Amino acid sequence: MIAKKKVCVQAVSLADMGERFSDAWKRAEAGKRVNETHVTFLDLQTMLEALSPRRLELLKHVHQHGAESVKELAEHLGRDYKNVHQDVVVLEEAGLLMREGRKLMAPWDELQASVSLNN
């Protein structure tokens with residue numbers, strides 16, 4: 001059975017983010033394998049804007065089909081190039097979309113989102 005690649009997307013405080021990092025560091029020091037990927041937003045609004053329905057659709061498409069370029073992606077999605085390019089920039093800056101040259105990749109099988117109620 002092949003393990004799914006999961007990314008945890010969170011809207012948490014800096015303190016929560018620091019605590020998660022410290023915990024991972026301690027596990028690594030203890031010789032435990034730490035294999036997790038997190039994308040952190042400091043507030044819910046920013047996370048929701050980054051993960052709009054259109055951007056999630058784009059991520060799904062790239063994950064399932066790949067994309068040789070932003071132009072090809074815009075054509076497949078039936079969307080304006082400029083808007084798709086902006087979505088790609090936001091998702092790439094967040095670490096949810098990867099680029100190898102012009103080729104786009106979304107290596108995650110699962111995106112798990114959570115929101116802290118403490119911030």
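**Exercise 1.** In this predicted model, compare the reach of helix H5 (residues 81-94) with the span expected at 1.5 Å a residue.

*Solution.* Step 1: H5 has 14 residues. Step 2: the expected span is 1.5 Å times one less than that number of residues, which gives the 20 Å expected for H5. Step 3: from its first C-alpha to its last, H5 reaches 20 Å, close to the expected value.

**Exercise 2.** Determine which residues of H5 are buried and how they are arranged about the helix axis.

*Solution.* Step 1: take buried as under 20% relative accessible area; the buried residues of H5 are then Val-84, Asp-87, Val-88 and Leu-91. Step 2: viewed down the axis, these residues fall within an arc of 105 degrees, so they line one face of the helix. Step 3: the face turned away from the buried side carries the exposed residues Lys-82 and Glu-93. Step 4: the cover over the buried residues includes helices H2 (44-50), H3 (53-65) and H4 (70-77), and also strands S3 (98-100) and S4 (103-105).

**Exercise 3.** Describe what caps the N-terminal end of H5 and what follows the helix.

*Solution.* Step 1: Asp-80 caps the N-terminal end, with a side-chain oxygen 3.2 Å from the backbone nitrogen of Lys-82. Step 2: Gly-95 follows H5 and has a positive phi, near 90 degrees.

**Exercise 4.** Is Ala-113 buried, partly exposed or exposed?

*Solution.* Step 1: locate Ala-113 in strand S5 (residues 110-115). Step 2: its relative accessible area is 48%. Step 3: exposed requires over 50%, so Ala-113, at 48%, is partly exposed. Step 4: leaving aside residues up to four places away in sequence, Ala-113 touches Val-9 and Met-47.

Terms used: Residues numbered from 1 in each chain as written. Predicted model: local features only at pLDDT ≥ 70, side-chain atom pairs only at ≥ 80, totals over all residues. Heavy atoms only, no water. Helix = DSSP H or I, 4+ residues; strand = E, 2+ residues; numbered from the N terminus. Buried < 20%, exposed > 50% of the residue type's maximum accessible area, 1.4 Å probe, protein only. Contact = heavy atoms within 4.5 Å. Arc of directions from axis to C-beta. Polar contact = N/O pair within 3.5 Å; in protein donor to acceptor, adjacent residues only side chain to side chain.
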